[in-house]
Amino acid sequence: MLPFKLPPQILRLVLVAMAIVGSYFAARSFLVPPSFGEYGWYRGDALGEIASRTPVFAGKQACDECHSEILHKLAADKHKTLSCEGCHGVSREHSNNPDVLPVKATGSHCIRCHEANLARPAWLKQIVVKDHYGPKCTECHVPHQPSKTP
Amino acid sequence: MKNQISRRGSLLRMGGAIAGLLTISVARTAKAAVQKVFVSANAPKGYDPTKHKWLMCIDDNKCIGCGLCAEACKKENGVPEGPYFRTWIERYIIPKPKPGSGETRGEAIVDSPNGGIPKGGVSAFPEPTLPKDQIEHAFFVPKLCNLCENPPCVQVCPVGATFKAPDGAVLIDPKYCIGCAFCVQACPYGARFLNPVSKTAEKCTLCYHRITRNLKPACVEICPAEARVFGDLNNLKADDPIQKFYEKNRVQVLKPHLGTEPRVLYAALDKEVR
């Protein structure tokens, strides 16, 4: 037995306070997502959701699986830093299924980098397209081995 | 008398409401767990964001302004058509100073038509309006989210939708973003925009879906001049390109006076670049 009897109005106040605090915790568990605070003051699941996007570009490593011969040629010459998909286009489907052909690379890919531009660095070989010979780059240049002639 | 509220009745009702809320929260937790399983079916497994620290390095001597990075970024991330870019290329033209002005250079002219992406095989950058003999020098600068250590965009977000992940990537939770564009204003590097389709803020995620799968970001993958170098400071390989980069070059960051401490390092940057 308690040494004194809790006055009923205090008991009521305690009950109301407990109800308010209880409903706060109930509402909190209802409103805060479960993964909140996993890494910080945000929803941890968001990271997985952002990462769940499917990649579009296959990457040079995927090309190397079948076309290592061309990549060896490429690596031996000045175009070694180029990515396959820069000229041949997005090739993820082609890397999954070789029957789907990648985009045919055309001369506009050469001009994209090699057209003379004042802001381009001097180390890059540049041409003024209208003063340069030829309608077709590949008549004189080998894209995979730029120092060679066909 | 019938309508009078009894204490017992109201207490019961209150208890019932709390029990109801608790049941809903349990149901929600279960639903979230199911969703997590569903999401992680697509998300790469075994990626722990606390075990990585990403770093982007840009050698400005190497940028040739081809616009492949900006174009690849749009394709990779499904960025809408139009003037929306997560990464883009700027052209800086520094004119010669006026004779007798006592200055070393004129005021820089900066442009970035279509983010540097050529349209229909024609270079995005038109011939400068200044005659050639009045130009001191010109160069390209690739820009992207600077991956600040102290990101102003995170501070201003009123709903906590944008955050800095433990691996250094500044990301946006699209489910939380309300599209108020405070972050677009706050970013000192102009790296954010409102997606016209989803109406939420968007920015470079470092191709989070690629880096978590051990792939390079699309812009780094596609750059034909290796102007962009990307790596993980917490897992340096033997002669890692990023380690080589910051050991070999004298590096700087954009707007260092703001104290944002970017994780995007530039080499060979001109003082005009902001």
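1. Is strand 9 (residues 228-232) of chain B mostly covered or mostly uncovered? It is mostly covered: 4 of its 5 residues are buried. Buried means that 20 or more other C-beta atoms, placed from the backbone, lie within 10 Å of the residue's own. Strands here are DSSP runs of E, at least two residues long, and helices are runs of H or I, at least four long; both are numbered from the N terminus.

2. A word on the model. This is a predicted model, in which local features need pLDDT of at least 70, side-chain atom pairs count only at pLDDT 80 or more, and totals for chains, interfaces and linings use all residues. Residues are numbered from 1 along each chain as its sequence is written, while chains are lettered from A and ligands numbered from 1 in the order in which they are written.

3. Strand 9 of chain B has a partner in strand 1 (residues 54-59) of chain B: 5 bridges join the two, and they run antiparallel. Pairing requires at least two DSSP bridges between the strands. In this pair, L55(B) is bridged to G231(B).

4. Chain B also has an open, antiparallel sheet of 3 strands, in the order 3-2-4. Strand 3 (109-111) and strand 4 (135-143) of chain B are at the edges with a single partner strand each, so one side of each lacks a neighbour in the sheet. Neighbouring strands of this sheet are turned by 20 degrees against each other on average, direction ignored; the axes are lines fitted to C-alpha atoms. Strand 2 (residues 88-95) of chain B is joined to strand 4 of chain B by 8 bridges. There, I89(B) has P142(B) as its bridge partner.

5. Now the contact between the chains. Chain B gives 57 residues and chain A gives 44, counting residues whose C-beta atoms, placed from the backbone, lie within 7 Å. On the chain B side, helix 1 of chain B makes the largest share, 13 residues. That side divides into 33 nonpolar, 12 polar and 12 charged residues. Nonpolar covers Ala, Val, Leu, Ile, Met, Phe, Trp, Tyr, Cys and Pro; charged covers Asp, Glu, Lys and Arg; the others, Gly among them, are polar.

6. Last, the domains, whose bounds come from an automatic or database domain assignment. Chain B has domain 1 (53-148 + 206-267) and domain 2 (152-202). Their C-alpha centres are separated by 21 Å. In chain A, domain 1 (8-51) and domain 2 (60-139) have C-alpha centres 56 Å apart.

How values were computed: Buried ≥ 20, exposed ≤ 12 C-beta atoms within 10 Å, placed from the backbone. Axes fitted to C-alpha atoms, helices over the stretch in contact; angles between N-to-C directions. Contact = placed C-beta atoms within 7 Å.
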